[in-house]
Amino acid sequence: MELSDDPALSPVRVLLEEHLALPSTTWSSGGPGAVARFARGADEPAQRGPNSVVTARGGLRVVLPDDTISVAYETPSDRDPMRWHHGVAFCVPDEAARRSGRRTVTELGPDDGALRPPDLSGVLFDLGLGLPTVDVLVRTADPDTLAVLRAACGSDPHAEGVLERLTAGGRRADGGSPGPAAPQIVVLTAAGRMEIAAAGAGTRLSLRPARIGAAHSPALPVPDGWTPVLRLHPAHPAAEPDGRPVPFDPERDAAFAAVRSEHGDPVLGVVVADVVDAVRAMRGPETLRLADDPATRAVVAVTLRRLAFTDGTSGTLAAWRGQYGPSPELVDLDAE
């Protein structure tokens with residue numbers, strides 16, 4: 001974790017700029033219940049600006065407060081015993097993270113902050129999801145879509161069918177003629193904005209109404225009093241951004257290890273090293289006394305999965321994995 005004394009030259013901003021330049025890095029913005037994701041292909045045209053990257057499918061403009069900290073983390077997947085997630089969460093003080101929290105659909109007017117000039121003519125509507133740390137908006141200039149959105153103003157988006165109508169578009173489910181065009185998505189947090197102009201290939205909005213207002217996973221080593229408002233996800237050593245498994249890549253693994261060393265919790269870094277040493281020395285889990293908090297258990301579970309790739313299976317590794325299997329509190333519900 002890093003707290004910058006010199007914001008202009010901080011490791012946080014250096015990390016941000018490095019990864020905005022990498023097509024292999026994906027991004028997520030939002031909070032529990034509503035997470036926007038932005039990805040771009042290796043050969044996909046992109047415009048880079050200060051703290052920003054924009055493609056035809058969407059974009060990201062990051063404006064980090066000076067007191068932002070970066071927290072590298074790893075969490076196990078509950079879907080695949082060989083899979084895990086990793087990333088860096090950019091966090092701000094709880095109070096600085098707060099947004100409008102509107103609870104009804106609200107027209108906000110023209111989007112003068114649009115990332116692409118053609119979108120400046122679009123009209124913004126807050127979906128009114130009531131999220132404390134993120135405003136989820138939609139934007140459109142299409143007359144039919146505007147009519148649908150304006151008719152919904154003042155409504156509770158959680159009422160039956162309202163949210164689906166506001167985020168859907170294109171051809172009707174019955175195969176009839178096309179309906180109103182799908183609006184574009186704009187997500188605002190204390191870290192800036194993310195836009196989704198066309199969902200697909202890793203760029204999308206994930207809505208889970210049951211999670212709205214929940215706390216972030218306790219497996220994330222975020223200090224008390226801080227809230228994650230943006231995450232970057234470097235290339236994974238064993239999976240593509242869509243989750244497809246790939247042969248283990250030691251270079252990708254080493255790249256994230258360097259990020260974890262600079263931006264992660266140093267205590268968890270010692271845990272990782274101690275677990276690796278114990279497994280390689282054929283010492284079982286009973287030989288190492290470790291904290292029992294979710295962040296520690298999560299990083300141990302991930303370390304054991306990584307060892308299965310780098311060192312292969314063994315009776316010792318099986319014993320460790322039996323003790324540090326997945327459990328609900330270790331899972332990052334905002335990961336996919």
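A: First, the ground rules. This is a predicted model, where local features need pLDDT of at least 70, side-chain atom pairs count only at pLDDT 80 or more, and totals for chains, interfaces and linings use all residues. Residues are numbered from 1 along each chain as its sequence is written, and side-chain values use heavy atoms, with hydrogens and water left out.

Now the helix. H8 covers residues 315-323. Helices (H or I, at least four residues) and strands (E, at least two) are DSSP runs, numbered from the N terminus. Which residues of H8 are buried? They are Thr316, Leu317 and Trp320. Buried means under 20% relative accessible area, exposed means over 50%, and partly exposed is in between (1.4 Å probe, protein chains only).

Look down the axis of H8. Its buried residues fall within an arc of 95°, so they line one face of the helix. The arc is that of the directions from the helix axis to the C-beta atoms. There is a general rule behind such a face. An α-helix has 3.6 residues a turn, so residues three or four places apart point the same way. The face of H8 turned away from the buried side carries exposed Gly315 and Gly322.

Met282 sits in the loop between H6 and H7. It has a positive phi of about 60°, although it is not a glycine. Most residues other than glycine have a negative phi, and most peptide bonds are trans. Met282 is exposed, at 56% relative accessible area.

The loop between H7 and H8 holds Asp311. Asp311 forms a salt bridge with Arg280, and their closest N and O atoms are 2.7 Å apart. A salt bridge is a side-chain nitrogen of Lys or Arg within 4 Å of a carboxyl oxygen of Asp or Glu. Arg280 belongs to helix H6, so to speak a distant part of the chain: the partners are 31 residues apart. Asp311 itself is partly exposed, at 38%.

Arg306 meets Asp253 at 2.9 Å, N to O. Arg306 lies in H7 and Asp253 in helix H5, 53 residues apart. Both Arg306 and Asp253 are buried. The structure holds 20 salt bridges.

Now the rings. A search of the whole structure finds three aromatic pairs. Rings of Phe, Tyr and Trp (its six-membered ring) pair if their centres lie within 6.5 Å; planes under 30 degrees apart count as stacked, over 60 as edge-to-face and the rest as tilted. Phe248 and Phe309 are a stacked pair, 5.3 Å centre to centre with 15° between the planes. Phe309 is in helix H7 (residues 294-310), while Phe248 is in the loop between strand E15 (226-233) and helix H5 (250-263), so the pair ties together parts that are 61 residues apart in sequence. Phe248 counts as buried, at 19% relative accessibility. Phe309 is partly exposed, at 32%.

Trp320 and Tyr324 are stacked, 5.8 Å centre to centre and 20° between the planes. Trp320 and Tyr324 are both buried. Elsewhere, ring pairs link Trp84, Phe248 and Phe309 into a cluster.

Last, the nonpolar cores. A nonpolar core is a set of buried Ala, Val, Leu, Ile, Met, Phe, Trp, Tyr and Cys residues joined through side-chain atoms within 4.5 Å. In soluble globular proteins, nonpolar side chains tend to be buried together. The largest core has 43 residues, and Trp27, Leu60 and Phe90 have the most contacts inside it. Helix H1 (residues 11-20) gives the most to that core, with four residues. Apart from it lies another core of 17 residues, and Val276, Ala278, Leu307 and Tyr324 are among them. Tyr324 is the stacking partner of Trp320, and Trp320 is one of the buried residues of H8.
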